[in-house]
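Subject: Structure for you to look at

Hello,

Here is the structure I said I would pass on. Please open it first, then read the notes below with it on your screen.

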Amino acid sequence: MTSRITVLATGGTIAGIAGSAIAKDYVAGQIDIEAYLEQVGGLGLEAEFSGRQIANIDSADIGPEVWNALHPAVMEALADESCQGVIVTHGTDTLEETAFLLDLTLPASKPVVLVGAMRPADAVGYDGLRNFANAVRVAGDRQAAGRGVLVVMGDRVFGARDVRKVRTRGTDAFRGFPRESVGLVTPASLEWFGAPWRVDASAQFAWQDELPDVGILFAHAGLDAASVARFLGEDMRGVVVAGVGEGNMSEAVRQELVARRKQGLRVVRASRADEGLVDREPEDDGNGFVAARALNPQKARILLQLLIAHGVDDPAAIQRAFDGS
Ligand code: SIN
């Protein structure tokens with residue numbers, strides 16, 4: 001059966017051009033959505049597309065401005081009865097952040113799938129068309145609803161909260177943690193691992209046009225309190241520590257953060273390690289700190305921004321949100 005899919009394009013390598021099939025350097029966000037869908041037309045997919053250009057940029061430049069245009073565009077598509085699913089094309093570098101932000105702020109009523117590519121469109125071995133064809137299969141599948149925002153890369157389907165870019169090169173650049181992946185996909189087949197998990201289809205957070213200033217502090221050997229104070233400045237409202245090991249930091253850094261916590265700064269401990277849970281430690285109660293659990297620092301930052309924007313201030317309430325995320 002033919003699916004009706006809305007494609008919202010933001011740029012990235014999936015729309016990138018190198019000018020040569022073997023060039024190393026290229027420019028992301030060069031092909032516009034009409035031209036892209038024309039190319040896709042040659043694949044013979046059982047889908048009808050309606051495309052819209054939200055941006056055409058390198059995803060390193062994605063932030064509130066693009067998100068404020070993207071979110072209402074997805075909502076509009078979801079409200080359109082003729083639309084069965086939404087695909088967002090996106091650069092891979094910050095794809096996980098956009099995916100998680102949308103996951104927390106969209107209803108899970110229809111499939112929303114983010115997709116990118118690791119090689120530009122004119123490169124030998126371009127992965128963008130296969131990833132796109134896979135995304136079409138996922139976005140057109142009824143079983144994809146109720147799983148929140150999904151990411152399709154390298155023949156695998158990832159949940160937005162699990163997915164991480166773990167390699168700078170290669171078409172297998174993405175991995176999920178703690179769930180490795182939630183499905184396997186090819187242009188011709190789709191296999192889900194388990195049932196949909198979003199029991200409540202409504203959005204977890206209402207959309208906010210303005211998100212508060214929350215930084216990520218990268219801990220390292222020799223990091224001192226003065227550097228932390230400079231980083232925090234006067235106005236930062238929350239900080240996620242990309243801590244060493246299981247969200248750890250030196251005593252000097254901890255004391256600086258405890259002092260700032262007493263002045264209202266929200267502090268979340270995550271890890272700079274690729275993988276692993278950060279659980280609460282006994283001192284967190286007295287310090288007023290929160291443990292990021294399975295979220296990496298960049299996703300912990302997004303959740304903390306949304307919580308602060310919604311007036312959630314108490315560390316225990318923030319911790320509950322992280323426990324449930
Ligand atoms: C980008 O994130 O826009 C560039 C890199 C990529 O898409 O792989």
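I will start with a group of charged residues. Glu251, Arg254, Arg269, Glu281 and Asp284 are joined in a network of salt bridges. Please keep in mind throughout that this is a predicted model.

Arginine 254 and glutamate 281 form a salt bridge, and their closest N and O atoms are 3.1 Å apart. The cut-off used here for buried is under 20%.

As background, side chains of opposite charge can pair when their charged atoms come close. The structure holds 19 salt bridges. Two further examples follow.

Lysine 165 forms a salt bridge with aspartate 93, with 2.6 Å between the closest N and O atoms. Lysine 165 is partly exposed, at a relative accessible area of 21%. Aspartate 93 also counts as partly exposed, at 46% relative accessibility.

Aspartate 323 forms a salt bridge with arginine 293, and here the closest N and O atoms are 2.6 Å apart. Aspartate 323 belongs to helix H9 (residues 315-324), and arginine 293 to the loop between strand E14 (289-291) and helix H8 (297-309), so this pair ties together parts that are 30 residues apart in sequence. Aspartate 323 is partly exposed, with a relative accessible area of 40%. Arginine 293 is partly exposed as well, with 22%.

Next, the domains. The domain assignment of the protein gives domain 1 (3-192) and domain 2 (214-323). Their C-alpha centres lie 31 Å apart. In the contact between them, domain 1 takes part with 15 residues and domain 2 with 12 residues. Together the two domains bury about 1,300 Å², and 62% of that is on carbon and sulfur atoms. Which residues of domain 1 lose the most area to domain 2? They are Phe100, Arg164 and Phe177, which together make up 42% of what the domain 1 side buries.

How many salt bridges are counted between domain 1 and domain 2? The count is one. Arginine 175 forms a salt bridge with glutamate 275, and the closest N and O atoms are 3.1 Å apart. Across the interface of the two domains, eight residue pairs are in polar contact. On the side of domain 1 that touches domain 2, helix H3 (95-105) and strand E7 (163-165) each supply at least two residues. The largest share of that side, six residues, comes from H3. By class, the side of domain 1 that touches domain 2 has eight nonpolar, one polar and six charged residues.

Threonine 13 lies in the loop between strand E1 (3-11) and helix H1 (33-41). At 8% relative accessibility, threonine 13 counts as buried. Its side chain makes a polar contact with the side chain of tyrosine 26, at 2.6 Å. Leaving aside neighbours within four places in sequence, threonine 13 is in contact with several residues, among them Tyr26, Gly91, Met118, Arg119 and Tyr126.

Glutamine 143 is in the loop between helix H4 (128-139) and strand E5 (150-153). Glutamine 143 is partly exposed, with a relative accessible area of 43%. Leaving aside neighbours within four places in sequence, glutamine 143 is in contact with Trp192 and Pro196. The C-alpha atoms of glutamine 143 and proline 196 are separated by 7.3 Å, although the two residues are 53 residues apart along the chain.

Regards

Conventions. Residues are numbered from 1 along each chain as its sequence is written. This is a predicted model: local features need pLDDT of at least 70, side-chain atom pairs count only at pLDDT 80 or more; totals for chains, interfaces and linings use all residues. Side-chain values use heavy atoms; hydrogens and water are left out. Domain bounds come from an automatic or database domain assignment. Contact means heavy atoms within 4.5 Å. Buried area is the accessible area (1.4 Å probe) that two parts lose on being put together, summed over both. A salt bridge is a side-chain nitrogen of Lys or Arg within 4 Å of a carboxyl oxygen of Asp or Glu. A polar contact is a pair of N or O atoms within 3.5 Å; within protein, one must be able to donate a hydrogen and the other to accept it, and residues adjacent in sequence count only if both atoms are side-chain atoms. Helices (H or I, at least four residues) and strands (E, at least two) are DSSP runs, numbered from the N terminus. Ala, Val, Leu, Ile, Met, Phe, Trp, Tyr, Cys and Pro count as nonpolar, Asp, Glu, Lys and Arg as charged, and the others, Gly among them, as polar. Buried means under 20% relative accessible area, exposed over 50%, partly exposed in between (1.4 Å probe, protein chains only).
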